[in-house]
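Subject: Structure handover

Hello,

Please find the structure below. My notes on it follow.

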Amino acid sequence: MSLHDAVNLLAGNSLVLAPGEVLVDERLTGLAETLTAHDVTVHTLPYDAVTPFAGGFRCSHHPLVRELPS
């Protein structure tokens with residue numbers, strides 16, 4: 001990951017979906033390739049409308065709280 005990607009595209013602000021599975025901005029091809037080379041499943045989506053406002057995938061989701069069955 002380049003310093004440009006980290007600062008301007010918030011490359012560290014990805015969303016972990018499950019162990020070994022992440023969601024990243026489609027512009028982060030280098031990050032996606034590196035993660036894939038480390039056996040991580042990478043899903044990409046366009047996200048260019050949000051990052052200018054200092055937000056990424058991790059900032060744009062809400063945690064789910066589930067009740068355990070009684």
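What kind of unit do strand 2, helix 2 and strand 3 make? They make a right-handed β-α-β unit; right-handed means that, with the strands pointing away from the viewer, the path from the first strand over the helix to the second runs clockwise. Helices (H or I, at least four residues) and strands (E, at least two) are DSSP runs, numbered from the N terminus.

This is a predicted model, in which local features need pLDDT of at least 70 and side-chain atom pairs count only at pLDDT 80 or more, while totals for chains, interfaces and linings use all residues. Residues are numbered from 1 along each chain as its sequence is written, and side-chain values use heavy atoms, with hydrogens and water left out.

Three strands form an open sheet in the order 1-2-3, with mixed pairing; two strands pair if DSSP finds at least two bridges between them. Strand 1 and strand 3 are the edge strands, each pairing on one side only. On average, neighbouring strands of this sheet are turned by 30° against each other, direction ignored. Helix 2 packs on the sheet and touches strand 2 and strand 3 (contact means heavy atoms within 4.5 Å). The direction of helix 2 makes about 165° with that of strand 2; axes are lines fitted to C-alpha atoms, for helices over the stretch in contact, and angles run from 0 to 180 degrees between N-to-C directions.

Strand 1 (residues 15–18) runs antiparallel to strand 2, joined by three bridges. Their hairpin has two residues between the strands, and Gly-20 there takes a positive phi near 75°. Strand 2 pairs with strand 3 (residues 41–45) in the parallel sense over five bridges. Leu-23 has His-43 as its bridge partner in strand 3, and Asp-25 has Leu-45.

Four of the five residues of strand 2 are buried, so the strand is largely enclosed by the rest of the structure. Buried means under 20% relative accessible area, exposed over 50%, and partly exposed in between (1.4 Å probe, protein chains only). The largest nonpolar core has seven residues, including Val-22, Leu-31 and Val-42; such a core is a set of buried Ala, Val, Leu, Ile, Met, Phe, Trp, Tyr and Cys residues joined through side-chain atoms within 4.5 Å. Strand 2 and helix 2 (29–37) each supply at least two residues of this core.

Two aspartates

Asp-25, in strand 2, is buried, with a relative accessible area of 4%. Asp-39 lies in the loop between helix 2 and strand 3 and is exposed, at 72%. Asp-39 has a positive phi of about 60° although it is not a glycine.

Regards
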